[in-house]
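Please view the sequence and the structure before reading on.

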Amino acid sequence: MTIQLPAFRLLLAISAGLILTGLPSPSRAQNIVVMVNGDPITDFDIEQRSKLDQLTTQKTPSRQEVINELIDDKVKTKEGKKYGVDPGVSDINQSYEGMAQRMRITPEQLTKSLESKGVRPETLKGRMKAEMVWTSLVRGRYKERLQVGERDVAQAVQAQTGDKLQIEGTEYKMQPIVLIVPRGSSAAFLETRKKEAETYRARVGSCEEANSLFRSTPNATIRDTVTKTTAELPEALRKVLDDTPIGHLTAPEMTKNGIEMVVLCSRKPTMIDTPKKREVREKMYQEKYEKTQKAYLDELRKAAMIEYRNHR
């Protein structure tokens with residue numbers, strides 16, 4: 001069971017301009033194939049998921065595999081509602097936009113790419129919703145069971161490689177700052193905001209000054225302190241922070257939120273987990289997650305009312 005939708009595979013498929021062949025034309029016939037707890041799965045649902053699966057995995061799933069996936073989705077979303085885990089339209093759209101952003105395209109381009117392959121965006125969003133619900137349910141209900149003990153991680157690392165568990169790194173404390181630029185703003189307005197950002201950079205010499213300035217500046221916001229270590233930051237950002245004097249702002253960068261900068265509050269040596277230790281911990285967590293979610297899903301499917309109709 002995949003926890004996160006494989007966006008990179010979807011990107012590869014779309015970028016390659018795959019032409020899906022051998023799949024039925026998008027019939028709108030709503031012939032009910034399976035009822036799951038009173039909720040129907042139709043031929044059209046199966047056809048749509050088949051196309052999406054082929055696009056994301058580069059493999060052609062069997063009809064029964066697709067039906068099982070759709071049954072799982074129905075079971076997951078029903079269980080989610082039972083516990084009040086029911087993402088709204090805005091949550092799903094935000095996740096959809098996030099996927100497009102990671103693929104370096106717009107949501108509209110993602111929609112057009114899907115539609116050109118005969119996949120409705122609602123099909124992808126439905127799959128995303130089921131996985132969002134399920135991840136939240138499993139992690140929420142079985143939080144303690146999923147915990148990975150530091151002693152277990154250490155023993156696993158020592159048994160595998162005998163490597164050190166920690167190495168020297170750096171801890172950064174910083175506060176993100178945003179100068180708001182409304183959508184549709186003119187190039188002249190944007191240029192003015194960029195000049196303002198540079199003016200602020202020249203003025204600010206400490207986190208205290210930054211808080212005092214940006215908490216009283218209209219159309220600007222300063223967020224709470226964020227603490228990150230070397231292990232948690234990409235190399236490019238680490239270099240920027242290493243080159244920024246304590247108390248000063250990083251160079252302004254245009255994002256969808258506006259013009260963003262970071263004020264560096266402190267930078268100090270610390271001990272961080274080695275890459276091997278992080279890898280082992282993540283693998284142990286994944287193994288626990290997979291085992292837990294499978295048992296949970298098996299239990300729900302046994303209790304579900306699943307009725308096949310006109311199955312072929």
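## A residue in strand S5

Thr229 lies in strand S5 (residues 226–229); strands (E, at least two residues) and helices (H or I, at least four) are DSSP runs numbered from the N terminus. The model is predicted: local features need pLDDT of at least 70, side-chain atom pairs count only at pLDDT 80 or more, and totals for chains, interfaces and linings use all residues. Residues are numbered from 1 along each chain as its sequence is written, and side-chain values use heavy atoms, with hydrogens and water left out.

With a relative accessible area of 18%, Thr229 is buried (under 20%; exposed is over 50%, partly exposed in between; 1.4 Å probe, protein chains only). Beyond neighbours within four places in sequence, Thr229 is in contact (heavy atoms within 4.5 Å) with Thr170, Glu171, Thr270 and Ile272.

## The nonpolar cores

The largest nonpolar core has 28 residues, of which Val34, Ile41, Ile46, Ile71, Val75, Trp134 and Tyr296 touch the most other members. Such a core is a set of buried Ala, Val, Leu, Ile, Met, Phe, Trp, Tyr and Cys residues joined through side-chain atoms within 4.5 Å. At least two residues each come from strand S1 (32–36) and helices H3 (63–82), H6, H7 (150–160) and H11. H11 supplies the largest share, six residues.

A second, separate core of 16 residues includes Val181, Tyr200, Val204 and Met261.

## Helices H6 and H11

Helix H6 (residues 121–141) packs against helix H11 (residues 275–303) at an angle of about 105°, with the axes 10 Å apart. H6 and H11 are therefore roughly perpendicular (65 to 115 degrees).

Notes
Axes fitted to C-alpha atoms, helices over the stretch in contact; angles between N-to-C directions. Parallel < 35°, antiparallel > 145°, perpendicular 65-115°, else oblique.
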